[in-house]
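Please keep the sequence and the model in view while reading.

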Amino acid sequence: MTPTSKDTPESGYAVPPPNLFGVDFALRLLLLASAVSALVVLVTSKQTESIPTSLPPPFPAFISRDAKFQHSPAFIYLLVALSVACFYSIITMAASFSAVTRPSASPRMLFHLVLFDAVMAGVMASATGTAGSVAYLGLKGNSHVNWNKVCNVYDKFCRHVGSSAALSLVASAVLVSLVVLSSYSLYRRCR
């Protein structure tokens, strides 16, 4: 059966393009949940341990040392990137929610979502990679430059930092998915 002029709308589509903003909203909610979770786990990463010294008797045999995320610029960068991702997801969830109620979004809004999602994906990926490399050095050390591993001493701290990096990786993957989804929506809208 061939479509007649009554069946085909003026835009040339047999049916209007699907409104994918329900999926977009769910992904942005997942982004918020993973970024907040990673942020909470990172902020609570603190451990104090007593470390033996090899100093002569007038000096203490053990010293108390803290491991905090504030001691590493890579973890501070991750903290800032996660905070920005949380704020960004809240703002774009509001835009996505308003687009759910409309039959179709404007190409301008879709273009801005693609652009800003790509920038946020880059920021989150770089912060995740930076924190992950420092966490790996803490786990394995580097014998070539004589950096000892510290996760055998600060096990709780390392678990927190590793979990935060893993959750940040989830947030980065969600942002990449949002870039693909927004690009597809823009393509379908402007076609």
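## Annotation and basis

UniProt positions are given here in the numbering used for this chain, feature names are shortened, and annotations may be inferred rather than shown by experiment. With that caution, the unreviewed UniProt entry lists residues 25–44, 74–97, 109–139 and 166–187 under "transmembrane region".

The model is a predicted one, in which local features need pLDDT of at least 70 and side-chain atom pairs count only at pLDDT 80 or more, while totals for chains, interfaces and linings use all residues. Residues are numbered from 1 along each chain as its sequence is written, and side-chain values use heavy atoms, with hydrogens and water left out.

## Overall fold

The chain has four helices and two strands, and along the sequence these follow the pattern α-β-β-α-α-α. Helices (H or I, at least four residues) and strands (E, at least two) are DSSP runs numbered from the N terminus. Of the 191 residues in the chain, 34% are buried, where buried means under 20% relative accessible area, exposed means over 50%, and partly exposed lies in between (1.4 Å probe, protein chains only).

Residues 25–44 are 95% helix and 0% strand, with the end C-alpha atoms 29 Å apart; residues 166–187 are 100% helix and 0% strand, and their end C-alpha atoms lie 32 Å apart.

## Helix H1 against helix H2

Helix H1 (residues 21–43) packs with helix H2 (residues 73–100) at an angle of about 155 degrees, the axes being 8 Å apart. Axes are lines fitted to C-alpha atoms, for helices over the stretch in contact, and angles run from 0 to 180 degrees between N-to-C directions. H1 is therefore roughly antiparallel to H2, given that angles under 35 degrees count as roughly parallel, over 145 as roughly antiparallel, 65 to 115 as roughly perpendicular and the rest as oblique. The crossing of H1 and H2 is left-handed, a term used if the near helix is turned anticlockwise from the far one by less than a right angle, with right-handed used if clockwise. By class, the contact of H1 with H2 has 23 nonpolar, five polar and two charged residues; Ala, Val, Leu, Ile, Met, Phe, Trp, Tyr, Cys and Pro count as nonpolar, Asp, Glu, Lys and Arg as charged, and the others, Gly among them, as polar.

Ser 89 is found in helix H2 and is buried, with a relative accessible area of 0%.

## Helix H4 and its neighbours

The axes of H2 and H4 come within 11 Å and cross at roughly 40 degrees, which makes H2 oblique to H4; this crossing is left-handed. Ser 168, in helix H4, is buried at a relative accessible area of 0%.

H3 passes H4 in a left-handed crossing, and by class their contact has 21 nonpolar, six polar and two charged residues.

## Aromatic pairs

The structure holds two aromatic pairs; rings of Phe, Tyr and Trp (its six-membered ring) pair if their centres lie within 6.5 Å, and planes under 30 degrees apart count as stacked, over 60 as edge-to-face and the rest as tilted. Phe 25 and Phe 97 form a tilted pair, 5.9 Å centre to centre with 50 degrees between the planes. Phe 25 lies in helix H1 and Phe 97 in helix H2, so this pair ties together parts that are 72 residues apart in sequence. Phe 25 is partly exposed at 26% relative accessibility, whereas Phe 97 is exposed at 52%.

The rings of Phe 75 and Phe 157 have centres 6.3 Å apart and planes at 75 degrees, so the pair is edge-to-face. Phe 75 lies in helix H2 and Phe 157 in helix H4 (residues 155–190), so the pair ties together parts that are 82 residues apart in sequence. Phe 75 is buried at 4% relative accessible area, and Phe 157 also counts as buried, at 10%.

## A loop residue with positive phi

Most residues other than glycine have a negative phi. Asn 146 has a positive phi of about 65 degrees although it is not a glycine. Asn 146 is placed in the loop between helix H3 (107–140) and H4, and at 62% relative accessibility it counts as exposed.
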